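Here is a short note for a colleague who is new to reading structures. Please keep the model open while going through the points.

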Amino acid sequence: SSITEGVLFDPVLNVKTGVFIFESECKYFSEQNDQIEYALSSYNMGRGTILKLGNPNTIYSNLILSRK
């Protein structure tokens, strides 16, 4: 199957994909005390970056998590 422009801009598919990726990151970082912060940062910056940094405490994640 090929990916078309219409598929790339399908809002339902985009939300489902985002939820799937975020859920994967939550599972990956399930042993961390700050699991949601790790998962959110990993979703936005990439898992490799978070693994390299060791601490996802970023201005962005703090801003988003402060909105709870």
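1. A word on exposure comes first. A residue counts as buried under 20% relative accessible area, as exposed over 50%, and as partly exposed in between (1.4 Å probe, protein chains only). By this rule Tyr43 is partly exposed, because its relative accessible area is 38%.

2. Please note the ground rules. This is a predicted model, in which local features need pLDDT of at least 70, side-chain atom pairs count only at pLDDT 80 or more, and totals for chains, interfaces and linings use all residues. Residues are numbered from 1 along each chain as its sequence is written, and side-chain values use heavy atoms, with hydrogens and water left out.

3. Now the overall fold. The protein chain has five helices and zero strands. Its pattern along the sequence reads α-α-α-α-α. Helices (H or I, at least four residues) and strands (E, at least two) are DSSP runs, numbered from the N terminus.

4. Next, the overall dimensions. The C-alpha atoms fill a box of roughly 40 × 25 × 15 Å along the principal axes. The protein chain has a radius of gyration of 14 Å, whereas a compact globule of 68 residues would have one near 11 Å. That radius is taken over C-alpha atoms, and the globule rule is 2.2 Å times the number of residues to the power 0.38.

5. What about the surface? Of the 68 residues, 22% count as buried. The protein chain exposes about 5300 Å², and carbon and sulfur atoms supply 57% of this area. Accessible areas come from the Shrake-Rupley method with a 1.4 Å probe; for residues, only the protein chains shown count as cover.

6. How many aromatic pairs does a search of the whole structure find? The search finds three. Phe22 and Tyr43 form one that is edge-to-face, with 6.4 Å centre to centre and 80° between the planes. This pair links distant parts of the chain: Phe22 is in helix H2 (residues 11-28) and Tyr43 in helix H3 (residues 35-45), 21 residues apart. Phe22 is partly exposed, because its relative accessible area is 28%. Rings of Phe, Tyr and Trp (its six-membered ring) pair if their centres lie within 6.5 Å; planes under 30 degrees apart count as stacked, over 60 as edge-to-face and the rest as tilted.

7. Turn to Tyr28 and Phe29. Is Phe29 buried or exposed? Phe29 is buried, because its relative accessible area is 3%. Tyr28 is partly exposed, at 42%. Ring pairs link Tyr28, Phe29 and Tyr38 into a cluster. The charged end of Arg47 also sits over the ring of Tyr28, 3.7 Å from the ring centre. For this, NZ of Lys or CZ of Arg must be within 6 Å of the ring centre and within 35 degrees of the ring normal.

8. Now look at H3. Its buried residues are Glu37, Tyr38, Ala39, Leu40, Ser41 and Ser42. Glu37 counts as buried because its relative accessible area is 14%. Which residues does Glu37 touch, not counting those up to four places away in sequence? They are Asn55, Pro56, Asn57, Ser61, Asn62 and Leu65. Contact means heavy atoms within 4.5 Å. After H3 comes Gly46, whose phi is positive, near 100°.

9. Last, Thr49. This residue is in helix H4 (residues 47-53). Thr49 is partly exposed, because its relative accessible area is 33%. Its C-alpha atom is separated by 16 Å from that of Ser24, 25 residues apart along the chain.
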